[in-house]
Amino acid sequence: MKITTLIENTKPEGTPFAIGYGLGLYVETGGLKLLFDNGPDDSFVENAALLGIDLAEIDLYVLSHAHYDHGGGLCTFLSMNSKATVWLSEFASDQCYSVGRTPEPRYIGIDSKLFEEYGERLRFVENEVAVNDSIRLFSVNDFNTFRPRFNSLLYTKRSGGMMRDDFRHELVMAITENGRNTIFTGCAHSGILNMVRTVQEKMPDTPVHAVVGGFHLLNTATKSLGEAPETVRQLAEELYKTGVDKILTGHCTGTEGFELLKAVLGDKIEALSTGKIFEI
């Protein structure tokens, strides 16, 4: 499996890539080409061209959750690609807001144009689905493990009222290759350990080889570490216990969070950065 960081908050020094607060991954697996999110806006188009990725040839798209920093340019992608289907939660149309940083709640959800103009290309996931023999998508079960502290700033509007976001619109993706799973998460608002354990419970005979994506350890207002250092160290220890061989993380994990994780996980962990390519 080949994973290319199409867009992320950072880039290697001296490279020409566009960056943005968000995440988008291009994955080649089993003869398929897929996008797992695409970042906050249309910058992924520029990066794809620089990386030699033909967006018109993408076979499928998976949206991790209903926040603009992961699906902000999705309508642009669909206007450029006539064949890919988009897999997303049945609750992806939830109206998502952030509170506390501005006087009024700030809309951070997906552009409604997606549902109005591209509805025929959307495939909604109810609980779980096998996209094909190797790609499965799951809603996330709660095993009462770590959940990001700064979820507390995130709300959804339902029936005219605001309520704390329960992230029912979030999915975890598992790709099976050579008898092992690679798990993909956008921000892990549901808790990265809950995500890993969901896949382990659903696919008990397939070990988890790698975990890829953001873990939401940031204070979303200051972009600094939002969790107590000891909490992050404990999270790293629990990830180590899962038996995972490789972790690729970035975006909402943050630099401080990454360094705390690395102090425990060592060579098992690497940082995502725009333009970087990984072989799993």
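The largest cavity here is lined by Met-1, Glu-177, Asn-178, Arg-180, Thr-182, His-209 and Ile-280. One caution before I go on: this is a predicted model. The volume of that cavity is about 50 Å³. How many cavities of 30 Å³ or more does the structure hold? The count is 1. Look at the make-up of the lining: 2 residues are nonpolar, 3 are polar and 2 are charged. As for the general idea, rolling a probe the size of a water molecule over the atoms shows where empty space is left.

Stay with two of those lining residues, Met-1 and Glu-177. Thr-29 touches both of them, and also Leu-34 and Ile-175, leaving out residues up to four places away in sequence. Where does Thr-29 lie? It is in strand S2, which runs over residues 24-29. Is Thr-29 buried or exposed? The relative accessible area of Thr-29 is 4%, under the 20% limit, so Thr-29 is buried. From Thr-29 to Asn-47 is 18 residues in sequence and 20 Å in space, C-alpha to C-alpha.

Asn-47 takes us to helix H1, residues 43-51. Which residues of H1 are buried? They are Ser-43, Phe-44, Asn-47 and Ala-48. These residues sit on the same side of H1, because their arc around the axis is only 135°. An α-helix has 3.6 residues a turn, so residues three or four places apart point the same way. What covers the buried residues of H1? The cover includes strand S1 (2-7) and helix H3 (74-80). After H1 comes Gly-52, with a positive phi near 75°.

Next, Pro-207. Find it in the loop between H5 and strand S15, the strand at 208-213. Pro-207 has a relative accessible area of 46%; that falls between 20% and 50%, so Pro-207 is partly exposed. Its contacts, apart from neighbours within four places in sequence, are Gly-179, Arg-180 and Asn-181. Arg-180 is also one of the residues lining the cavity. Thr-242 is 35 residues from Pro-207 along the chain, and their C-alpha atoms are separated by 9.2 Å.

Now helix H6, residues 229-241. The buried residues of H6 are Val-232, Leu-235, Ala-236 and Leu-239. Their arc around the axis is only 100°, which means that they lie on the same side of H6. Three elements pack against these buried residues: helix H5 (192-202), strand S16 (246-249) and helix H7 (255-265). Just after H6, Gly-243 has a positive phi of about 85°.

Last stop: Ile-247, in strand S16. Its relative accessible area is 0%, so Ile-247 is buried. What is Ile-247 in contact with, setting aside neighbours within four places in sequence? The list is Val-211, Phe-215, Leu-239, Leu-265, Lys-268, Ile-269 and Glu-270. Ile-247 and His-65 are 182 residues apart along the chain, with 20 Å between their C-alpha atoms.

Key
Residues are numbered from 1 along each chain as its sequence is written. This is a predicted model: local features need pLDDT of at least 70, side-chain atom pairs count only at pLDDT 80 or more; totals for chains, interfaces and linings use all residues. Side-chain values use heavy atoms; hydrogens and water are left out. Helices (H or I, at least four residues) and strands (E, at least two) are DSSP runs, numbered from the N terminus. The expected span of a helix is 1.5 Å times one less than its number of residues. Buried means under 20% relative accessible area, exposed over 50%, partly exposed in between (1.4 Å probe, protein chains only). The arc is that of the directions from the helix axis to the C-beta atoms. Contact means heavy atoms within 4.5 Å. On a 1 Å grid over the protein atoms alone, a cavity is a set of points where a 1.4 Å probe fits but cannot get out, and a pocket is an open set with protein on both sides within 12 Å along at least five of seven lines; lining residues have an atom within 4 Å of a point. Grid points are joined across faces, edges and corners, and a volume is the space filled by probe spheres set on the points. Ala, Val, Leu, Ile, Met, Phe, Trp, Tyr, Cys and Pro count as nonpolar, Asp, Glu, Lys and Arg as charged, and the others, Gly among them, as polar.
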